[in-house]
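Hello,

Here is the structure to look at before we next talk. Please open it first, then read the notes below it.

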Amino acid sequence: MDVEKKRQQEKETVAEIIAIYCRAHHGRREGLCPQCESLARYAEARIAACPRMAVKSFCSVCPVHCYAPARRQEIQAVMRYGGPRMLFHHPLMTLRHMMLGWQTRLGRVAFFRHWRQSNRSVKAK
């Protein structure tokens, strides 16, 4: 997948999760409250500057923590609430997000299988 396309999809997904959280916790029907708007802008800036977008699946499993500790706690709370509810609000976006995780994991598994097999063939010689 193209890195910029992946980056744009991640921005859209995070924005939708924040919107779900804001509607439920802050009662906003349209738009975001100032606190959630600030978090959405911060998350978008972090995603735009992500140095590992080509190889990572989700921010939560990335070894580089781009978010400040306080903001990380905020986004974790939002993700814990909004993530599971994405399946009901945006099922296709959720499935695409899940597929990205599976592809990343399967790609790692295939890489390590290939690596182990190549090392075994070297040792056998």
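**Notes on the model**

H65 is found in the loop between α2 and α3; helices are DSSP runs of H or I of at least four residues, numbered from the N terminus. The model is predicted, so local features need pLDDT of at least 70 and side-chain atom pairs count only at pLDDT 80 or more, while totals for chains, interfaces and linings use all residues. Residues are numbered from 1 along each chain as its sequence is written, and side-chain values use heavy atoms, with hydrogens and water left out.

H65 counts as partly exposed because its relative accessibility is 47%; buried means under 20% relative accessible area, exposed over 50%, and partly exposed in between, with a 1.4 Å probe and protein chains only. The C-alpha atoms of H65 and C50 are 9.7 Å apart, and the two are 15 residues apart along the chain.

C59 also lies in the loop between α2 and α3. With a relative accessible area of 31%, C59 is partly exposed. From C59 to I47 the C-alpha distance is 8.9 Å, at 12 residues apart in sequence.

Now α3. How does its length compare with what its 21 residues should span? At 1.5 Å a residue they should span 30 Å, and the end C-alpha atoms of α3 are 29 Å apart, which agrees; the expected span is 1.5 Å times one less than the number of residues. α3 bends by about 35° at G83, and the proline P84 follows within four residues. The bend is the angle between axes fitted to the seven residues ending at a residue and the seven starting there. Buried in α3 are R71, I75, V78, G82 and M86.

The largest nonpolar core has 21 residues, of which V14, I18, L32, C36, I75 and V78 touch the most other members. Two or more residues of this core come from each of α1, α2 and α3, and α1 gives the largest share, 7 residues. Such a core is a set of buried Ala, Val, Leu, Ile, Met, Phe, Trp, Tyr and Cys residues joined through side-chain atoms within 4.5 Å.

Last, the largest pocket. It is lined by 27 residues, and F58, C59, S60, M79 and H97 lie nearest its centre. A pocket is an open set of points on a 1 Å grid over the protein atoms alone where a 1.4 Å probe fits, with protein on both sides within 12 Å along at least five of seven lines; lining residues have an atom within 4 Å of a point. α3 gives the most to this lining, with 7 residues.

Regards
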